[in-house]
Amino acid sequence: MPGQQGLAMGCARGQAATVVGPPARRWGSLHPLAPLQLGRTGWGWGQQWCSVALSWAPLSLFGAPHRDGGTRGVCGGCGARVHPALTFLPAALHLGLAYALLAGLPPVTGLYSSFYPVFLYFFFGTSRHNSVGPFAIISVMIGSMTDSLVPSDDFLEPVNGTNVTVVNEARRDAARVELVATVTILVGIFQVALGLLQFGFVVTYLSDPLVRGYTTAASVHVLISQLKYVFGVSLGEHSGPLSLFLTLIEICQKLPKTNVGTLVTAIIAMVAIYIVKELNHKFSAKLPMPIPIELITIIISTGISYGVNLNSKFGISVVGDIPSGLKPPMGPNVNYFGQVAGNAFAIAVVGYAICISLGKIFALKHGYKVDSNQELIALGFSNFLGGFFQCFAISCSMSRSLVQESTGGNSQLAGVIASLVILVTILKIGELFRDLPKAILAAIIIVNLKGMFKQFADFRTLWKSNRVDLMVWIVTFVATLLLNLDLGLGVSVAFALLTIIFQTQLPRYSILGHISDTDIYRDVAEYKKAQEVPGVKIFRSSSTIYFANAELYTEALKKKSGINVDRLIEKKKKALKKLKKQQKSPSPQDTENECNGPGITVIELSQGAAEGSVPAEPTLRSLGLPVPDFHTVILDFSPVNFVDTVSIKILKNIFRDFREIEVDVLIAGCPGEEALQGHLLSWGKVTPLEGQG
């Protein structure tokens with residue numbers, strides 16, 4: 001290798017990896033209806049439409065082959081779907097009412113959101129176990145937005161010409177419903193657009209520690225927002241940064257005004273719900289279905305409230321009128337688009353992240369695939385069309401999904417059956433819940449936050465496993481508490497991306513050695529059996545090379561080589577400069593020879609000069625400088641997946657500097673070597689090693 005000038009581009013080639021793409025959209029062959037052969041004569045143009053409809057019909061609708069060889073879905077036995085639906089119904093009903101309260105909307109909007117989106121997801125979704133509908137995190141994000149853009153103070157009206165003012169709740173609720181419906185439509189537009197553009201991967205920027213830290217902080221927001229219903233006090237509406245702490249301070253200030261009846265009602269409900277839920281968990285194997293304690297609590301408390309007249313006698317706040325029937329579709333108010341675009345995008349991303357995370361967990365457990373882009377489209381259609389019917393943005397609920405999965409529901413038909421019962425509630429039964437105490441709904445929400453608060457255990461786990469992920473979790477949690485849900489999400493994503501940049505800026509650099517009798521090379525500093533190849537330095541970085549760490553890469557390479565490359569180059573330049581001066585100025589011996597007449601001068605010629613070629617450049621040895629104990633540097637590019645223009649310039653500098661000290665540079669294991677070689681060959685002094693391909 002000495003004497004070989006230039007770069008040897010020897011990129012190791014491994015076996016081609018198996019590429020696993022998204023699940024094929026042509027699922028007609030998987031459907032139980034496929035044997036009907038829709039392509040028979042007589043169908044005409046309708047044949048094409050039916051085949052397209054079947055090809056896009058998702059696994060959640062028709063089912064798919066399972067590991068046991070059977071096909072499960074709608075046609076796998078509708079009777080088997082009734083039991084999961086009946087189990088799922090109580091959760092859908094009480095959470096619909098409770099999360100509407102959390103979003104600052106009339107309770108009936110929660111029922112709408114538990115009805116319309118379920119039907120749409122039934123046709124477009126690919127997960128058979130996700131239970132779509134209102135979700136606490138999304139609801140509190142919406143509630144924060146409504147408090148900010150449509151505050152109650154804008155609807156104060158005087159009472160009978162006096163100085164006393166009260167909030168006109170009918171006008172306020174109508175304005176908030178219009179705002180939230182507009183946001184929901186915009187959320188759907190964002191999700192459908194991202195899905196059609198194949199941007200389902202956007203959720204990969206939300207790491208698991210980030211999502212868990214964010215949902216934990218959001219749970220704290222949910223808890224604080226429900227305390228006013230637990231204590232029965234009225235609070236001002238706070239929005240923006242530090243609004244959580246302002247609300248908490250105001251609650252503490254108004255504790256002396258606590259409504260004792262409301263507090264007792266909430267405590268009794270929370271204790272009863274918690275105990276029964278624990279019993280459900282403990283005896284889940286013996287119970288045919290979980291005890292619907294939330295629904296039982298709602299029915300009993302509504303009956304007591306109606307019979308005793310808790311609202312007038314004890315001042316316990318109740319839900320109020322729940323209008324019967326369905327509302328006609330209502331178009332969005334486009335004037336809100338500019339104000340809520342950022343909130344809508346944040347809700348779209350968070351809702352999709354939760355939905356696809358749950359969907360992939362269930363898909364892996366039950367042996368089918370979930371199409372991330374199709375899930376984005378399905379969720380987008382559910383929100384977009386639901387917004388026209390006064391629904392608020394929905395996602396997937398972990399508690400409802402687990403209930404559906406644990407009771408054997410393996411298609412979206414269970415949710416559809418439950419939504420039909422909710423439809424009956426909207427049409428006929430909803431008005432019966434007008435005397436339901438709001439403290440009961442708050443108690444249901446708080447008890448259901450138990451699973452979210454268990455995520456505080458991540459602190460100990462991440463401390464032991466990955467401190468960087470722990471930093472992401474903590475920063476996400478603190479930022480979301482301080483800056484509210486929308487700004488907190490942006491700060492969290494930015495910080496998570498910064499940690500990636502910092503980690504790529506400070507990778508591990510190592511010199512690799514060969515382990516005898518194997519083809520394995522390992523870090524000589526960590527493995528005693530790894531020995532350096534004589535005369536060769538194999539240098540490896542644990543990260544890719546780009547503009548942010550290119551200079552650090554060069555410095556680490558020169559440091560790991562064991563010699564001061566820059567100092568040696570500087571000495572060489574000084575020696576060459578001195579040599580040139582000596583060649584230009586005649587020596588005393590030459591002057592004496594000229595005075596004494598012609599004589600004989602002995603000139604040492606290198607091999608090249610002897611053959612009539614250009615004289616060779618002086619070597620380090622001839623200049624009296626130290627010679628490196630290695631003749632070749634191999635740059636292991638296996639971790640490198642791209643190079644930018646800054647990296648190319650840095651690599652050229654590396655080749656130039658090591659050539660100056662008579663060391664060859666090779667690159668091994670580089671992806672896209674043809675493009676990299678083209679960049680380097682354009683330098684004019686780099687030649688590829690013959691035979692490399």
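Visitor: Which helix is Ile 361 in?
Guide: Ile 361 sits in helix H13, which covers residues 337-366. Bear in mind that this is a predicted model.

Visitor: Buried or exposed, that Ile 361?
Guide: Exposed: its relative accessibility is 53%, and the cut-off for that label is over 50%.

Visitor: And how far apart are Ile 361 and His 129?
Guide: In space they are 9.8 Å apart, C-alpha to C-alpha, while in sequence the separation is 232 residues.

Visitor: Switching to helix packing. How do H5 and H16 cross?
Guide: H5 is residues 116-124 and H16 is residues 413-429; their axes come within 9 Å and cross at roughly 155°.

Visitor: What's the handedness of the crossing?
Guide: Left-handed, as H5 passes H16.

Visitor: Which residues meet there?
Guide: From H5 you have Val 118, Phe 119 and Phe 122. On the H16 side they meet Leu 413, Gly 415, Val 416, Ser 419 and Leu 420. By type, the contact has six nonpolar residues, two polar ones and no charged ones.

Visitor: OK, what about H17? How many of its residues are buried?
Guide: Ten of the ten, across residues 438-447, so H17 is largely enclosed by the rest of the structure. The buried set includes Lys 438, along with Ala 439, Ile 440 and Leu 441.

Visitor: Let's do strands. What does S12 pair with, and which way do they run?
Guide: S12, residues 632-636, is joined to S13 by five bridges, and the two run parallel. Val 633 stands opposite Val 665 in S13.

Visitor: How many residues of S13 are buried?
Guide: Four of the five in S13, residues 664-668, so this strand is also largely enclosed by the rest of the structure.

Visitor: Where is Glu 662, then?
Guide: Glu 662 is in the loop between helix H25 (645-660) and S13. It's partly exposed, with a relative accessible area of 37%.

Visitor: And what's phi at Gln 390?
Guide: Also near 65°, again a positive value in a residue other than glycine. Gln 390 lies in the loop between helix H14 (372-387) and strand S7 (395-396).

Visitor: Is Gln 390 buried or exposed?
Guide: Buried, with a relative accessible area of 15%; the cut-off for buried is under 20%.

How values were computed: Residues numbered from 1 in each chain as written. Predicted model: local features only at pLDDT ≥ 70, side-chain atom pairs only at ≥ 80, totals over all residues. Heavy atoms only, no water. Buried < 20%, exposed > 50% of the residue type's maximum accessible area, 1.4 Å probe, protein only. Axes fitted to C-alpha atoms, helices over the stretch in contact; angles between N-to-C directions. Left-handed = near helix turned anticlockwise from the far one by under 90°. Contact = heavy atoms within 4.5 Å. Nonpolar A, V, L, I, M, F, W, Y, C, P; charged D, E, K, R; others polar. Pairing = 2+ DSSP bridges.
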